Amino acid sequence: MLHWIWVLIVGGVIGLIAGALTGHGRSMNWIANIVAGLVGSTLGQALLLGEWGPQVADMAIVSSILGAVILVIVVAFFVNRFRTA
């Protein structure tokens with residue numbers, strides 16, 4: 001049980017960092033930060049660098065942040081595109 005709490009906390013921090021790096025962090029709430037961190041972590045580890053670098057809660061920090069940054073950029077692009085249409 002404690003492991004899943006750590007996963008959610010680390011996912012939220014990764015999403016927060018990704019939002020801060022892309023400039024879209026203010027528009028995201030804490031649930032969106034957690035989702036962006038967890039999905040970005042999964043994508044980053046599966047597609048980019050694997051489990052390279054330091055790990056916290058079974059998430060490689062470097063590849064997780066890169067995956068979350070890419071995810072936030074892509075989602076923000078589509079949200080802005082549909083918002084103006």
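**Helices and buried residues in a predicted model**

Ser63 lies in helix 3. Beyond the neighbours within four places in sequence, Ser63 is in contact with Gly40, Gly44, Gln45, Leu48, Leu49 and Gly50. Among the buried residues of helix 2 are Gly40, Gly44 and Gln45, and Gly50 comes just after that helix, with a positive phi of about 70°.

Helix 3 itself may be considered next. This helix has 24 residues, and the distance from its first C-alpha to its last is 34 Å, close to the 34 Å expected at 1.5 Å a residue. Its buried residues are Ser63, Ser64, Ile65, Gly67, Ala68, Val69, Leu71, Val72 and Ala76. The cover over these residues includes helix 1, helix 2 and strand 2.

Helix 2 comprises residues 30-48. Its 19 residues should span 27 Å at 1.5 Å a residue, and the C-alpha atoms at its ends are 25 Å apart, which agrees. Which residues of helix 2 are buried? They are Asn33, Ile34, Ala36, Gly37, Gly40, Ser41, Gly44 and Gln45. Viewed down the helix axis, the buried residues of helix 2 fall within an arc of 165°, so they line one face of the helix. An α-helix has 3.6 residues a turn, so residues three or four places apart point the same way. The face of helix 2 turned away from the buried side carries the exposed residues Thr42, Ala46 and Leu47. Over the buried residues, the cover includes helix 1 (2-22), strand 2 (59-60) and helix 3 (61-84).

Asn33 has its place in helix 2 and counts as buried, at 8% relative accessibility. Between Asn33 and Val62 there are 29 residues of separation in sequence and 17 Å in space, C-alpha to C-alpha. Ile34 is also found in helix 2, and at 17% relative accessibility it counts as buried. Leaving aside neighbours within four places in sequence, Ile34 is in contact with Leu8, Gly11 and Gly12. Ile34 and Leu16 are 18 residues apart in sequence, while their C-alpha atoms are 8.1 Å apart in space.

Val7, Val10, Gly11, Gly12, Ile14, Gly15, Ala18, Gly19 and Thr22 are the buried residues of helix 1. What covers them includes helix 2, strand 1 (55-56), strand 2 and helix 3. After helix 1 comes Gly23, whose phi is positive, near 85°.

Key: Residues numbered from 1 in each chain as written. Predicted model: local features only at pLDDT ≥ 70, side-chain atom pairs only at ≥ 80, totals over all residues. Heavy atoms only, no water. Helix = DSSP H or I, 4+ residues; strand = E, 2+ residues; numbered from the N terminus. Expected span 1.5 Å × (residues − 1). Buried < 20%, exposed > 50% of the residue type's maximum accessible area, 1.4 Å probe, protein only. Arc of directions from axis to C-beta. Contact = heavy atoms within 4.5 Å.
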